[in-house]
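Please open the model in your viewer and keep the selection tool at hand. The tour goes from the whole chain to a few single residues.

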Amino acid sequence: MKLKTITAIAAALFATTAIADEDAELVINGDLEIVTKTAAPAHLSDALDEIMSGWRFRSDGTQAMQMDDFDNPGMAAVDGAAEAWATVEGEKGKSCASCHGDVAESMVGVRAVYPKWNEKAGEVRTLAMQINDCRENQMGAKAYGYTSGDMAAMEALLSVQSRGMPVNVAIDGPVAATWEKGKELYYTRFGQLDLSCANCHEDNYGNMIRADHLSQGQINGFPAYRLKNTKLNTVHDRFKGCVRDTRAETFKPGGAEFIALELYVASRGNGLSVEGPSVRN
């Protein structure tokens with residue numbers, strides 16, 4: 001089948017029917033107000049006027065699950081990670097709490113600024129990279145698998161401490177080259193379907209593709225509990241699935257390509273609230 005024909009088929013999948021209330025407001029546990037729609041950051045001014053959390057594109061039932069921690073299935077992983085935080089592991093006889101103390105006091109605001117530059121390592125680090133650095137070098141413990149359930153749970157625990165705070169990921173200074181690489185990847189077409197991230201999440205958000213209501217692909221809600229696979233999913237899990245859905249060879253979670261893409265996509269959500277663990281389809 002010729003590439004133009006495949007592209008035409010892919011384009012035909014997009015429709016204009018909405019299935020969710022895009023004007024709904026997210027308040028968690030009756031008192032924590034979450035910004036799910038705001039003006040786009042300056043670096044997106046040529047593409048979007050406003051940015052919206054994926055929560056706004058979900059059905060009423062799915063939205064409701066995230067509005068109460070008791071109903072949010074992702075919170076079970078948070079409880080498990082809280083136990084892991086205080087558990088001694090590794091040859092150095094330390095836990096996360098040994099260095100950082102109480103997670104609720106020490107980790108406030110952390111999730112909101114990742115990925116970020118690590119001056120000592122001389123690299124852009126995702127939150128997952130930093131978690132594993134602590135485990136290996138501070139605790140002498142085995143690293144978590146990059147997209148494992150343990151990693152997703154620990155990221156969720158840290159996200160909860162910043163819930164409601166605005167995403168504020170830096171894009172200049174030493175991260176600029178990585179950010180530019182991520183931007184290039186975002187607009188690059190991949191696979192037999194010849195689709196880029198932007199084709200779905202910038203050009204067609206609000207439309208339908210098969211049975212899914214396309215969002216802007218914001219990652220302020222990650223890790224996300226997906227009803228589709230009944231587990232907490234990391235950002236690189238989702239990236240891998242998206243690239244695979246274009247019928248392309250995907251990149252490695254934790255690899256340079258997805259680190260750059262995470263930095264860029266995270267910055268597209270600057271101004272939205274941290275809301276993980278979120279609930280998605």
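This is a predicted model: local features need pLDDT of at least 70, side-chain atom pairs count only at pLDDT 80 or more; totals for chains, interfaces and linings use all residues.

A residue is called buried when its relative accessible area is under 20%, exposed when that area is over 50%, and partly exposed in between, using a 1.4 Å probe and protein chains only.

Residues are numbered from 1 along each chain as its sequence is written, and side-chain values use heavy atoms, with hydrogens and water left out.

The C-alpha atoms fill a box of roughly 60 × 40 × 35 Å along the principal axes.

Now show contacts, meaning heavy atoms within 4.5 Å: of those between residues at least 6 apart in sequence, 70% join residues at least 24 apart.

Finally, select the cysteines, looking for disulfides, that is, pairs of cysteine sulfur atoms within 2.5 Å; by this rule the count is zero. The sulfur of Cys 96 is too far for a bond, because the closest cysteine sulfur, in Cys 134, is 7.3 Å away. Is Cys 96 buried or exposed? Its relative accessibility is 14%, so Cys 96 counts as buried. Cys 197 is in no disulfide either, and the nearest cysteine sulfur, in Cys 242, is 6.9 Å away. Cys 197 is partly exposed, at 24% relative accessible area.
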